[in-house]
Amino acid sequence: MDIIMQTSKKRLMKRNFAVSKLAVFTLSVFGGLHAQAGDLTLQPSVSSELIFQQIDSETQGDRDLNTLRIEPSLKAMYESGKVNASFTGTGTHLERDSELSSTDEDYLEYFYNADWDVIDRLLTVSASGSSSYLNANTDNFLVSDFLTNPSDLARTETNRLGVSSDFTRNPYVSGKAQLTYTKVKTEQTQFVSSNRLDNETIKFNTSLNNGDAARNYFWNVNAEASDTDRGQANLGSFTSQKADGFFDQHIVQNWAVRLAAQTESHEFTANSGDISTERKFDSVGLGVTYRQAKNRSVSLTANKANSSNPENDGDVYPGVNINWAFTNRTSLYADFGKRFYGDAANVNFQHATRRIRTSLTYSEDVSDFSQLLSNPETLGIFVCPGSSFSLDCFQPNTLNYDLVNGEQLVQILDTNNALEDDVVLRKNGKLQISYQSRRLTVGVYVQQAKDEYLGQGFERETQTIGTNANYQLGAYTNLVGSISFADINRVDEDGIETDSENTRFSLGLNHQLSRYFTANAEFSYIDRSGEAQFSSLGNDYNEQRLTLGVTYRY
């Protein structure tokens with residue numbers, strides 16, 4: 001064993017010397033690339049890390065791995081009077097040594113976004129997309145990455161082109177409208193069958209309401225329609241239309257009579273056969289509204305349902321709608337009623353102060369995973385210069401923060417999305433709380449997401465809780481840490497239930513050596529247990545990981 005380990009270390013030292021020359025060459029190239037000519041800014045960087053892993057696996061026993069990781073990256077931003085664009089690309093080169101073999105692996109990921117303001121607010125053309133390696137094994141949520149269970153990862157490309165219009169300042173009819181085309185494609189892996197996720201989606205949505213010229217009445221209409229071509233998976237099209245609206249006529253002081261209506265229709269083909277399935281629901285209602293101001297109202301209605309589900313077809317049910325801005329930093333939107341599957345709810349509570357920000361959301365929606373991947377929720381609580389949480393993120397102290405070019409609103413948690421084309425009813429609840437002071441930034445999150453596969457009888461529920469923290473020890477030193485727990489429960493068509501419990505912990509130290517160089521050290525621990533779907537390391541395993549590295553940022 002000692003002879004093998006010594007041989008492995010000698011091989012790694014030789015590779016370190018070879019790669020150090022590669023790093024020097026990369027730095028010189030990136031140094032030449034750095035520029036800020038006019039409206040174009042280039043920000044290159046490169047990191048080099050040594051990673052030592054100890055894995056205790058159910059199927060492969062104990063083993064040690066040594067990895068050299070080189071990650072060059074480039075961030076480009078362009079700004080002009082009409083066009084804003086950003087691009088971030090990262091390459092990952094791994095040289096891995098174990099007692100049995102040595103391997104080289106390369107990965108490339110990128111993200112881009114561009115907006116062209118053709119006519120001020122009235123016509124905007126946008127394009128966005130990414131290529132990244134996503135976890136295709138939902139039972140290994142949180143624990144799979146380039147170093148552990150890399151066979152779980154599948155390269156997924158999303159490209160999105162859209163046209164939008166904003167006419168919210170019109171005194172008579174105010175609103176927004178958007179038309180988008182999206183292409184999503186995933187490479188084949190052991191968890192993603194051939195042509196499983198390779199489709200195109202056209203989607204239109206609009207929100208219209210009365211302008212400021214209205215005096216004794218208020219009205220609002222929201223509509224959305226989408227068509228996903230799933231022909232590559234031999235599943236046909238998934239078409240979806242839904243709309244809702246109300247009209248309030250004031251009768252005395254703050255009171256009004258409300259007329260409300262909603263409609264939705266979803267047509268698709270399930271995996272179990274080639275028979276088309278449709279879910280429909282319509283309702284009309286009459287009630288009252290109490291309104292103090294434009295953004296302060298409470299409504300109660302009695303509604304009559306017309307549903308494809310015989311269990312609630314013809315039901316008369318109460319509907320409650322709350323839209324209340326307590327202050328310019330605290331707001332609550334809540335809607336309770338029925339849809340084709342039964343009782344339905346939608347809640348969005350936001351609160352922001354100088355140091356604390358809270359987001360509590362609950363949503364229920366029918367969609368497929370390609371739409372969930374290409375249209376992620378923008379309910380983040382941190383503003384970051386990239387698409388992931390980092391030391392450069394900060395917490396805005398307002399609910400209406402305007403992002404600048406290159407910035408994104410980032411959540412501190414991910415959702416356990418499958419890379420497949422099934423139609424699901426997702427019931428998703430999230431709580432995110434963040435605190436930021438001069439030295440400390442911490443975020444706490446809780447999520448419960450349940451996916452009900454329509455037409456199949458299959459369910460998956462993921463419960464996640466965790467925290468991220470960054471503490472500034474000194475002017476040039478930061479202590480960073482995170483811990484996450486996930487419980488994934490699956491119930492198949494036969495009612496058989498399986499469970500997986502996953503844990504990920506990390507604690508690291510970052511120190512700025514100079515203007516251009518930063519050193520980092522990190523210890524991490526991963527644990528997975530349960531009887532759910534088999535992975536390359538088995539159902540039960542744990543890992544300890546030590547990372548030492550340096551980053552050059554020009």
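Which residues make the nonpolar surface patch of about 930 Å²? In this predicted model, the patch is made by Tyr217, Phe247, Ile251, Val252, Trp255, Val257, Leu259, Leu286, Val288 and Leu300, and the elements that give two or more residues to it are strand S11 (237-252), strand S12 (255-269) and strand S13 (276-293). The secondary structure of the chain comes to 2 helices and 27 strands.

**Chain overview**
- Of the 554 residues in the chain, 43% are buried, while the exposed surface comes to about 27300 Å², with carbon and sulfur atoms supplying 54% of it.
- Among contacts with a separation of 6 or more, 56% are between residues 24 or more positions apart.

**A patch residue**
- Valine 288, which lies in strand S13, is partly exposed, with a relative accessible area of 41%.

**Salt bridges**
- The whole structure contains 20 salt bridges.
- Aspartate 212 pairs with lysine 294, their closest N and O atoms being 3.7 Å apart, and this pair links the loop between strand S9 (198-210) and strand S10 (217-229) to the loop between S13 and strand S14 (296-307), 82 residues apart.
- Aspartate 212 is exposed at 59% relative accessibility, and lysine 294 is likewise exposed at 53%.
- Aspartate 248 forms a salt bridge with arginine 258, with the closest N and O atoms 2.8 Å apart; because aspartate 248 lies in strand S11 and arginine 258 in strand S12, the pair ties together parts that are 10 residues apart in sequence.
- Aspartate 248 is buried at 0% relative accessibility, and arginine 258 is buried at 5%.

Conventions
Residues are numbered from 1 along each chain as its sequence is written. This is a predicted model: local features need pLDDT of at least 70, side-chain atom pairs count only at pLDDT 80 or more; totals for chains, interfaces and linings use all residues. Side-chain values use heavy atoms; hydrogens and water are left out. Helices (H or I, at least four residues) and strands (E, at least two) are DSSP runs, numbered from the N terminus. Buried means under 20% relative accessible area, exposed over 50%, partly exposed in between (1.4 Å probe, protein chains only). Contact means heavy atoms within 4.5 Å. Accessible areas come from the Shrake-Rupley method with a 1.4 Å probe; for residues, only the protein chains shown count as cover. Patches are made of residues with over 30% relative accessible area and no salt bridge: like charges are joined within 9 Å, nonpolar side chains (Val, Leu, Ile, Met, Phe, Trp, Tyr) within 5 Å. A salt bridge is a side-chain nitrogen of Lys or Arg within 4 Å of a carboxyl oxygen of Asp or Glu.
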